[in-house]
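Good morning, and thank you for the time. Please take a moment with the sequence and the coordinates before I go through them.

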Amino acid sequence: MAPQIVFYDWAPSPFCFKVRAILDYKGIAYKKVNPLGTNALKIRREGKVGKVPAIEIDGEMLIDSTDIVYELERRFSGPPVIPADANDRARCHALEDWADESLYFIGLYYQWIEPEGRKMVPFAFGKSLMGRLTYQYYSRLIARQLRGQGTLRKPAEHVHRDLTRHIEAISSLLAPQPFLLGERPYLCDFALLGQLVYLARTPVGGRLLAGHGQIDAFRARMKGLNAMAASSKEGAEHPR
Ligand SMILES: N[C@@H](CCC(=O)N[C@@H](CS)C(=O)NCC(=O)O)C(=O)O
């Protein structure tokens, strides 16, 4: 019997996006659950870290998008997302970690701190008392994280400069080839896509990304992969 997967999926999270896109690309079936409320306590108790994404595979809780994807790769067939060659794997890891640990904090800044972006956030938590309290809790937590990590100690123009430099780097990395490592997508591409989608939803990030043809084409290509995966799955389930 196929392993049963429960995915604690917080829709706006770029790390949940990354894992969701890979589950879909690999054609792995899963049950999606809300990670807030009592499930947040379960994730903290069993996963120890208390962050999403978290996934249960046959009842075993796994956390951290990178570890989750390595485990999915080990246990499921479908198109590989970890390169077989050691040098490619190292480059994939470096690019993935750059997206996860560098771009992410800039996205957080433009979503949670920058005045235009921060107006949008309460809507994701809803108007209930629990929703409003959860929003306040995460709002304080994220400001503390961004101060500790350093982005929130920079003047706004400095963060803007950082993001502009990252966007130029992404365009140049993608200029000669369709995906970061060449002709096919790997984990680093899904990590980058998650952060780009997150950034593009913020007003400032969206404006800075607009008109970067290489990046738009990459996003369209990545979106096409999941559409292709979905249609080949449908074809397999409903042979014509
Ligand atoms: N390195 C982790 C990062 C996960 C992460 O930072 N998730 C955020 C949501 S986007 C979170 O759960 N934040 C809540 C917290 O820090 O307590 C991964 O790749 O899964």
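On the face of α3 turned away from its buried side sit the exposed residues Asp-67 and Arg-74. A residue is termed buried if 20 or more other C-beta atoms lie within 10 Å of its own, exposed if 12 or fewer, and partly exposed in between, with C-beta atoms placed from the backbone. Helices (H or I, at least four residues) and strands (E, at least two) are DSSP runs, numbered from the N terminus.

Two remarks on provenance. The model is predicted: local features require pLDDT of at least 70, side-chain atom pairs count only at pLDDT 80 or more, and totals for chains, interfaces and linings use all residues. Residues are numbered from 1 along each chain as its sequence is written.

Which residues of α3 are buried? In this helix, which spans residues 65-75, they are Ser-65, Ile-68, Val-69 and Leu-72. These residues lie on the same side of α3 because they cover an arc of only 95° around the axis, the arc being that of the directions from the helix axis to the C-beta atoms. As a general point, an α-helix has 3.6 residues a turn, so residues three or four places apart point the same way. The cover over the buried residues of α3 includes α1 (14-26), β3 (54-57), β4 (60-63) and α9 (187-200). Contact here requires that the C-beta atoms of two residues, placed from the backbone, lie within 7 Å.

I turn to the chain as a whole. It contains eleven helices and four strands. The radius of gyration is 18 Å, close to the 18 Å that the globule rule gives for 240 residues, so the chain is as compact as a globular protein of that length. That radius is taken over C-alpha atoms, and the rule is 2.2 Å times the number of residues to the power 0.38. Along the principal axes, the C-alpha atoms fill a box of roughly 55 × 45 × 35 Å. Of the 240 residues, 28% count as buried.

Next, the domains. The chain is divided into domain 1 (5-75) and domain 2 (86-225), with bounds that come from an automatic or database domain assignment. Their C-alpha centres lie 19 Å apart. Twelve residues from domain 1 and 15 residues from domain 2 form the contact. On the side of domain 1 that touches domain 2, α1 and α3 each supply at least two residues. The largest share of that side, seven residues, comes from α1. By class, it has nine nonpolar, two polar and one charged residues. Here Ala, Val, Leu, Ile, Met, Phe, Trp, Tyr, Cys and Pro count as nonpolar, Asp, Glu, Lys and Arg as charged, and the others, Gly among them, as polar.

What surrounds the ligand? Its shell includes Ser-13, Phe-15, Lys-51, Asp-64, Ser-65, Asp-100 and Leu-141, where a residue is near if its C-beta atom, placed from the backbone, lies within 6 Å. Four residues of the shell are nonpolar, four polar and three charged.

Finally, two individual positions. Cys-92 lies in helix α4 (residues 86-113) and counts as buried, with 21 C-beta neighbours inside 10 Å. Beyond four places in sequence, its contacts include Ile-82, Leu-181 and Cys-188. Asn-39, in helix α2 (residues 38-47), is partly exposed, with 15 other C-beta atoms within 10 Å. Asn-39 and Tyr-8 are 31 residues apart in sequence and 8.1 Å apart in space, C-alpha to C-alpha.
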